[in-house]
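Q: Could you walk me through how to read the nonpolar cores and a helix in a structure like this?

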Amino acid sequence: MTGSATSQDHAALMDKVYRGQRHIYDLTRKYYLFGRDRLIRELGAEPGMSVLEAGCGTGRNLERVARAWPGAACHGFDISGEMLKSARARLGPDVQLALGDATRFEPRDLFGRTGFDRIILSYTLSMIPGWEAALRQAAHALTPGGVLHAVDFGDLSGLPAPLRGALRAWLTKFHVSPRLDLPMVAARIAGELGLRVEVKRGALGYYQMVRLIR
C-alpha cells in the first residue's frame, strides 16, 4: 500500500469516527485528555510568534492558545475534514486552518511559511499510524529557537490495574494507541536534528510531555 493510499484510508477512518462525535467531542474529552492546558500555559508564544497545531481537531486548543497568548499567529491542520468543520465554525477567520496529513505536511504548501516558532501535538500521536514520521516532520518545521510541545497518554502505571486495563480497552475502541516509547523516539529525533529534548511525566503516569527545542 502506498503512503498516499494509507493517508487516504486514515483520513476516511477519522471522518467516519468524528462525523457524529465532533459535536460532543470537547464535552466528553475534557474528562480524560489531561495535560493539554498545562501545555498551553507553558507554550511561551509571545506576540508575533507563529503557532501551529498538527491535528487541531475541533480547534479547542487553538482557541485557548489565542486567548492565553494574544498576538501570536495561530495555525492548525487536521486530516479529518469533519473535524475542520467544527474548527472553522469555532475559530473564525483569525486562525488559519487547512486539511493536511501530519506525517507529510509542508509549512509552505499549507500556510505559505517556512516554519513555526511553536508547534503543538496534543493527543495526536496516539491516533496516527505513522506517528514517528509525524513527530519528525513537526520537528523539521521548527524555526530557529522554536519549540515543539507534545502531550499524550503515558503508561498509566499509577492507576489501579483494573482501571488501567479498562481505560486501555476503551481507548482501543477509538483507534487510540498510547506511544510508550515516545521519549525514546523523541530523543532519537533530537539527536538526528541537533535539537534538545525535555521529557515530563504527569501524575500517576497518566500523560507524558515531550519538548523538542531547536
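This is a predicted model: local features need pLDDT of at least 70, side-chain atom pairs count only at pLDDT 80 or more; totals for chains, interfaces and linings use all residues.

Q: Which residues touch the most other members of the largest nonpolar core?

A: A core is a set of buried nonpolar residues joined through side-chain atoms within 4.5 Å. Here the largest has 30 residues, and L43, V65, L97 and Y206 touch the most other members. At least two residues each come from α3 (36-41), α4 (60-68), α5 (81-91), β5 (142-153), α8 (161-173) and β7 (207-213). The largest share, three residues, is supplied by α5.

Q: And what does L97 touch?

A: Setting aside residues up to four places away in sequence, L97 touches C56, L62, G76, L84, A87, R88, L91 and F111. There is also a second, separate core of 29 residues, with A134, A138, L182 and V185 among its members.

Q: Now the helix: how many residues does α9 have, and what span does it reach?

A: Helix α9 covers residues 182-193, which makes 12 residues. From first C-alpha to last it reaches 16 Å, close to the 16 Å expected at 1.5 Å a residue. After α9 comes G194, whose phi is positive, near 70°.

Q: Why do the buried residues of α9 line one face?

A: Look down the helix axis: the buried residues of α9 fall within an arc of 140°, so they line one face. Those buried residues are L182, V185, A186, I189 and A190, and they pack against α7 (131-140), β6 (196-201) and β7. On the face turned away from the buried side sit the exposed residues M184 and G191.

Key. Residues are numbered from 1 along each chain as its sequence is written. Side-chain values use heavy atoms; hydrogens and water are left out. Buried means under 20% relative accessible area, exposed over 50%, partly exposed in between (1.4 Å probe, protein chains only). Helices (H or I, at least four residues) and strands (E, at least two) are DSSP runs, numbered from the N terminus. Contact means heavy atoms within 4.5 Å. The expected span of a helix is 1.5 Å times one less than its number of residues. The arc is that of the directions from the helix axis to the C-beta atoms.
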